[in-house]
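Try each task first, then follow the solution step by step.

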Amino acid sequence: MALALTTSPMLQASAATEPPLVVVTSPQGTYAENFNPYSSGQLAGTQGNVYESLFFFDAVTGKTWDLLGKSYAFSNGNKTLTVQLQPNAKWTDGQAFTANDVVFTFNDLKKYPDADSNGVWQYLKSVQAKGTHTVVFNFKSVNVPFAEQYVLGETWILPQHEWSSLGDPAKAKITVSNAIGTGPFIVSSFTTQDYKFKANPNYYLGAPKVPELDYPAFASNASADLALANGSVQYGNLDIPNVEKTYVAGNSHNHYYFPPDNEVELYPNLSNPLLAQYNVREAISLAINRNKLSTLGETGYEGVGNPISLPLPNFKDWVDPSLPKSDLTFSAPNDAKAIQLLEAAGFKKDSNGIFAKNGKELNFNLEVVSGWSDWDEDCLLIKQDLSKIGIGITVNQVDYGTYYANIAPTPGKNGVTTGKYDLAVSWTNEGPTPYLAYYDMLDSHGVFNVEGFKNKTVDNALNSFASTTNLTTQKKDMYTIEKIAAEQLPVIPLLTGAYWYEYNDKDYTGWPTKSNLWITPGPANTQSAAIVMQHLKPVH
């Protein structure tokens, strides 16, 4: 049963007098004006606050939230999906939202494949309107979790009356003046140091009680941490060192919760012929001191990751009980074995002290976002570790937009094409089962397969999982992938990432809490954050 948002459809008369809610998602330096939900550099809140999907599928609780879709049903052996739309939804310019907008959006992604970053048309056969408020999706093959997560949950519906003249959705210029959405908030202002949203008084699921959202720019975690601690920012997702002392102790309204969330990976670009060699990846993995990353880089908040790349204990029920210990836990760093592997692969140290073969050194750039202080520190520690075994690392700290553009894969008929990078520290996507994490990261067409891994056994296991609801079969499929992830090392797991979440309840109540975690809590997930902020109520 999907959940609908149920706040009052009318703004309280006092709402305009309520204070703004100040939000920080991540330090990014200065902002570029980009409210295009299909652009890789779009500003936080574009997806969720302004542009919406049909539904939201929450990975933390397993709940489904109705957004522009009111209900959906599969038929025809799960090859047909019929969606009933919200009849009262409107675009923020006053025009009615209809099934034609949904059909237009999907057909536009078909027309411009570069905008179809989730690859929905690899499964879709057709999308048709059936009256004003019904849409019928027909699929070439069955993949229920993909249809839910990406077709229904992560395709941003666009207004046909505006976007039909804008061409390629991925390249459209969307600024404050033409950011027309259906969401609970409306873009109201922009500068390179700050942008704001105002409440949408006509939001079909109820006007927010928070009159304004403010997203100031921060150059570093340190400056954002300070703003959170002193209460000038009320909603964030940052790694705050010594959080009890520096954030909670000084303000009784400050609260946090850092549950395990995803695996932090060192992604190797497998189109690089050096990193495509297993011995090189295994040597890198053996040299990294993950305990130091955990205790120094992450100040103890994030534990050491595991070879199967699944956050535990979240997915403990999906782990193959027959896996050997070596496939479940990392051993201590072993520089001698790492060097032995490189020498066995034909590498020799050159005059620079770097291992090389055929004149090509094991010398790589390592991408990370400047100002993400924990990952910045992790990368410096990785550089130190790898230098000990004769692998050179240049840490490339860049702004978030550049970072994502560098690592983002490009979908194609024969699988993804990797971005322009050597190594990168980044996250994994998560869903209610391991399917989403593995599909996104390891499927040939996965939307976050930034490393460019291609393996028919993995693809077949994911296809098998997606075509059945039999739990025994699904677990066997996951077991197959777990073994490959651990023993072929397509990515190099580092840490079990925490979900950073801080909030201040001085002015607003209704926040997700550790004891009542009713949705994914922090603003990093802009879809769930929009729902959170639409649910908040003034304290008085």
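**Exercise 1. Find the backbone oxygens that the side chain of asparagine 269 reaches, then describe the setting of asparagine 269.**

Step 1. The side chain of asparagine 269 reaches the backbone oxygen of glycine 419 at 3.0 Å. It also reaches the backbone oxygen of tyrosine 421, at 2.8 Å. A polar contact here is a pair of N or O atoms within 3.5 Å; within protein, one must be able to donate a hydrogen and the other to accept it, and residues adjacent in sequence count only if both atoms are side-chain atoms.

Step 2. Before going on, note that this is a predicted model, in which local features need pLDDT of at least 70, side-chain atom pairs count only at pLDDT 80 or more, and totals for chains, interfaces and linings use all residues. Residues are numbered from 1 along each chain as its sequence is written, and side-chain values use heavy atoms, with hydrogens and water left out.

Step 3. Asparagine 269 sits in the loop between strand 13 (260-268) and helix 7 (278-287). Helices (H or I, at least four residues) and strands (E, at least two) are DSSP runs, numbered from the N terminus.

Step 4. With a relative accessible area of 2%, asparagine 269 is buried (under 20% relative accessible area; exposed is over 50%, partly exposed in between; 1.4 Å probe, protein chains only).

Step 5. Leaving aside neighbours within four places in sequence, the contacts (heavy atoms within 4.5 Å) of asparagine 269 include Leu275, Thr418, Asp422 and Glu451.

**Exercise 2. Which residue caps the N-terminal end of helix 3, and how many residues of helix 3 are buried?**

Step 1. The cap is asparagine 143: one of its side-chain oxygens lies 3.0 Å from the backbone nitrogen of phenylalanine 146.

Step 2. Seven of the nine residues of helix 3 are buried, so the helix is largely enclosed by the rest of the structure. They are Val144, Phe146, Ala147, Gln149, Tyr150, Val151 and Leu152.

**Exercise 3. Where does leucine 43 lie, and is leucine 43 buried or exposed?**

Step 1. Look in the loop between strand 1 (21-24) and helix 1 (46-50) for leucine 43.

Step 2. Its relative accessible area is 4%, so leucine 43 is buried.

Step 3. Not counting residues up to four places away in sequence, leucine 43 touches Tyr31, Ala32, Glu33, Asn34, Phe35, Phe190 and Tyr195.
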